Amino acid sequence: QVQLVESGGGLVQAGGSLRLSCAASGRTFSSGYMAWFRQAPGKERDFVAVVRRSTGDTYYADSVKGRFTISRDNAKNTLYLQMNSLKPEDTAVYYCAANSAIYSSNYFPLLSALYGYWGQGTQVTVSS
């Protein structure tokens, strides 16, 4: 089993920054993907960003591209999401997710159903 614990959420004004962390423990793996999703009240859980653990290659949702940066520290088994220029529409619960799957080099899993491990979520609130 893999346990994921997010931290770093909070309340910030529009234009501000936050850095989320996701610490992985238990059965860890060097392959696969780690990702961030978010879910606003009354809405579905949406993809935000993903990183391929082996290469560090990344992919972002259009809504956060240029503002958010996903990164990982494999030695610390920790995933990060640096969020800059935050907007009120970024308000949501942010979830860390992981899987151990291996796909072709040009593929990134964007669907939540493709991830078997999830954290409990951390709230991010951006005030206008």
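What percentage of the 128 residues of the chain count as buried? The share is 41%, where buried means under 20% relative accessible area, exposed means over 50% and partly exposed lies in between, with a 1.4 Å probe and protein chains only.

The model is predicted, so local features need pLDDT of at least 70 and side-chain atom pairs count only at pLDDT 80 or more, whereas totals for chains, interfaces and linings use all residues. Residues are numbered from 1 along each chain as its sequence is written, and side-chain values use heavy atoms, with hydrogens and water left out.

**Overall build**

The chain has 11 strands and zero helices; both are DSSP runs numbered from the N terminus, with helices being H or I of at least four residues and strands being E of at least two. For 128 residues, a compact globule would have a radius of gyration near 14 Å, and the 14 Å of the chain agrees with this; the radius is taken over C-alpha atoms, and the globule rule is 2.2 Å times the number of residues to the power 0.38. Along the principal axes, the C-alpha atoms fill a box of roughly 40 × 30 × 30 Å. Of the contacts between residues at least 6 apart in sequence, 60% join residues at least 24 apart, a contact being heavy atoms within 4.5 Å.

Strand 8, residues 78–83, is mostly covered, with five of its six residues buried. The table gives its two pairings, for which DSSP must find at least two bridges between the strands.

| Partner of strand 8 | Sense | Bridges |
|---|---|---|
| Strand 3 (residues 18–26) | antiparallel | six bridges |
| Strand 7 (residues 68–73) | antiparallel | six bridges |

Strands 7 and 8 form a hairpin with four residues between them, and asparagine 77 in the turn has a positive phi of about 50°.

**Arginine 45**

Arginine 45 lies in strand 5, residues 45–52, and is partly exposed because its relative accessible area is 29%. When residues up to four places away in sequence are not counted, arginine 45 touches Phe37, Arg38, Gln39, Tyr95 and Trp118. Glutamine 13, by comparison, is 32 residues from arginine 45 in sequence and 23 Å from arginine 45 in space, C-alpha to C-alpha.
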